[in-house]
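Subject: Handing over a structure

Hello,

I am passing this structure on to you, with some notes below on what I found. Please have a look at it first and then read on.

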Amino acid sequence: MKSQDIRKEFLEFFKSKSHSIVPSAPMVLKEDPTLMFTNAGMVQFKEYFLGNSVPKSNRMTDTQKCLRVSGKHNDLEEVGHDTYHHTMFEMLGNWSFGDYFKKEAISWAWELLTEVYKIKSENLYVSVFEGSDDRDDLGLDTEALELWKKIVPEDRIIYGNKKDNFWEMGDQGPCGPCSEIHIDIRSEEEKAKTPGRDLVNMDHPQVVEIWNLVFMQYNRKANGDLEELPAKHIDTGMGFERLCMVLQNKQSNYDTDVFAPLLREIETITGVKYGRSEENNIAMRVIADHVRAVAFSIADGQLPSNTGAGYVIRRILRRAIRYGFTFLNTKEPFIYKLTPILSDQMGATFSELKSQQGLIENVIREEEASFLRTLDQGLVLLDNLMKDSKNKVISGEKAFELYDTFGFPIDLTTLILSEKGFDLDQKGFEAELKKQKDRSREATQVNAGDWVELNSVEEDPFIGYDELEAEVKIAKYRKVESRKKGEMYQVVLDRTPFYPEGGGQVGDKGIILSSDGEAIEVADTKKENNQIIHFTKKLPKNTEVAFKAIVNKTERSNTAANHSATHLLHQALRSILGAHVEQKGSMVQSGYLRFDFSHFSKVTSEELEKVENFVNSRIRENLKLDEQRNISYQEAIDQGAIALFGEKYGDSVRAIRFGDSMELCGGIHVQNTSDIWYFKITGESAVASGIRRIEAITGEAAVKYFEEQTNILEEIKSRLKNANDPVKAISNLQEENISLKRQVESLLKDKAKNLKSDLKQEVKSVNGVNFLSKKIDLDAAGIKDLAFQLGEDIDDLFILFGTEQNGKALLSCYISKDLVKDKGLNAGQIVRELGKYIQGGGGGQPFFATAGGKNPDGLNEALQKAESFIK
């Protein structure tokens, strides 16, 4: 049974049970501060479980793309070493929101597995929650147990503890007992030796969990207590890749048609056969798995970077590159070549892989090239650490610096050290790593209290498209504490004019004003699990009175101008650069806008001028806002609206049109393009391969910009004695400066010639080495040239020159190549050591190196110490 058919059978089965088939949500999350990525199928439905919104259907089914690489669900280090853990995977699920419960979930799961997929029932085991005697004091899940007894023999029912059979969304929120379904795909001989029930949850590669049925019936409060949910829900998740392994009679997920095409392509590219050695097998499994995770993340809009979710994606890709580099001998980029195979294989189900294929290839290729250069640099640095080591042990602190600062993988460090007969202070490394993790955890950890509920929230609480002020009530609030922001309060209003951060636009600021005149500042507004949260430093004295919510009008209008400008900018780029341009991200706030887009090359100054003129022409046309709320998604697309990549759209959407520019957008906009006043580009740069960024300003910021430019021009004219043509006056100064530089260079060369003959007289012999250490008055280029000239005239020469330039110190060391070879002297190591005296550092080649520092007073001591290296 092909994987495409397995996926289709699952969805069609639950469709026959009155479930609505819904598309996978993006794997990269944008409006959930508790998660970077979708790590389970239930994530896109959290708002329903929490009761913050009502689903359009009480029964749903889907296949959800998931990523597990950090936090509680972290499978990264196991990926490749076994045959059933993955970073990116599909989770097949069926969901009930206050509709059916355990009876239907259990009977339908069994029906699908045994009657539709024809899995032999004697190979299946099920588990039920045995209860807990901790503070929860939960009993055996007798309801699930009795239901399973009607289906399977009791010897196939396993009693699971809280760790295995009680599922929780997080430290707080909906949770409940669960039943897992496990399968034993071992040979009959192995089954006869050891019963399958003894291997359940024992990390056996052929006795694995394939489906988890979660019965959401409790809510975990901030103090740890459990309370019954008002409505009970079903949340199930089945690993698609494991199911394919079972139904295709394979012993490994990687032998299925989900991964086999990728592995065959890796064989073709590298010339290494899968199955010949375990080291190569692991490397190839790592690459096949990781390219999926990286490709799907990029397609969802998350580019590799050095922070947050982008760092996770970069780490996954670098792990794949590292395995290829070490075990498959790949020294050139090659992983990007797998993206066409992946696109052909999964593009029918996940169309973003096809539409974003070019971008995915470009980004992966550039990341590969960059990290391979880093590996080369790291090898040199590690080699220097070994040369400097006195006891064949590399300190954990140095190894961590190599890992943290230069991105050099610790497992590669360990491997190289062992090959060279060195040891790593592993405990020291782990201690440094723990310090970093603790710092990161402390910086991001948020402790939230329980919600205090006062009033209900209106069905459509956001009224900010039409109002900047409104009479409101506090619906609920809670206290939150974090190391970064300290103590704050999250406040939910029954309705609100405050726009929550989303779609690249920052959240509104303003005040909540009580009837007795007390004003509470709203520092930010965000959306979490479909509720609009206002962040305040304190609560009103009386939370139950009426309030007036007032948005900061100036910031809102400036932000709206910038947001509308991004739509016009998008239109301009597609018109001038081509229809291949797609928005890849944006940041819209009061002071400026940032717009990322796909394009294959730097935007020229002429093109930028055309873009700027295009936008300003639309501004001058006084185009009115044409806003369509609650239009169907398909109708908006049929009208020509642009839907942005990586966004989750519902059945009904909001469309924004200014003239010929039409996009799906939930943000705040001006009523007329004339309100933008003027659009000025302030910068254009690269974000990643194939991704460019434009930064720009509008309105008040543009006025301020032109005022500053006028002031600068007046200052220049003043310094040029109010020249009638300042441009010509500056050109004359530049020509004069070039002429003076040539004269100075000529004088310095003459000075160096005179110095050379004088310095030859000062060279002395020390232990058979011609030695010279002296402070001279030349620039860096002149010193290097002089040192090499002296080296041509004098054999076995060791020189250390020091100079002071613009308040900074410079040391330059020259050593004849014969001395480097015969006596093992190294100019790079010497200047690194002597650089301490000038409070700096440096390096270079064994025969010539320099060090710069901020302490010129240390030059004399450094010059005096030079002789000690040859004594």
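To begin with a question: in which helix is the place of Phe706? Phe706 lies in helix 20, which covers residues 699-719; helices (H or I, at least four residues) and strands (E, at least two) are DSSP runs, numbered from the N terminus.

Two notes on the source. This is a predicted model, where local features need pLDDT of at least 70 and side-chain atom pairs count only at pLDDT 80 or more, while totals for chains, interfaces and linings use all residues. Residues are numbered from 1 along each chain as its sequence is written, and side-chain values use heavy atoms, with hydrogens and water left out.

Back to Phe706: it counts as partly exposed because its relative accessibility is 31% (buried means under 20% relative accessible area, exposed over 50%, partly exposed in between, with a 1.4 Å probe and protein chains only). Together with Trp677 and Val703, Phe706 forms a nonpolar surface patch with about 270 Å² of accessible area. Such patches take residues with over 30% relative accessible area and no salt bridge, nonpolar side chains (Val, Leu, Ile, Met, Phe, Trp, Tyr) being joined within 5 Å; a salt bridge is a side-chain nitrogen of Lys or Arg within 4 Å of a carboxyl oxygen of Asp or Glu. Areas come from the Shrake-Rupley method with a 1.4 Å probe, and for residues only the protein chains shown count as cover.

Four strands make up an open antiparallel sheet in the order 23-24-29-28 (two strands pair if DSSP finds at least two bridges between them). Strand 23 and strand 28 (679-688) are at the edges with a single partner strand each, so one side of each has no neighbour in the sheet. On average, neighbouring strands are turned by 15° against each other, direction ignored; axes are lines fitted to C-alpha atoms.

Strand 24 (residues 593-598) has five of its six residues buried. A hairpin of four residues connects strand 23 to strand 24, and the two pair over five bridges, with Met587 opposite Arg594. On strand 24's pairing with strand 29 (residues 691-698), there are six bridges; Phe595 has Ile694 as its bridge partner, and Phe597 has Arg692.

As for the whole chain, there are 25 helices and 35 strands, and buried residues make up 51% of the 871 residues.

Best wishes

Notes: Patches are made of residues with over 30% relative accessible area and no salt bridge: like charges are joined within 9 Å, nonpolar side chains (Val, Leu, Ile, Met, Phe, Trp, Tyr) within 5 Å. Axes are lines fitted to C-alpha atoms, for helices over the stretch in contact, and angles run from 0 to 180 degrees between N-to-C directions.
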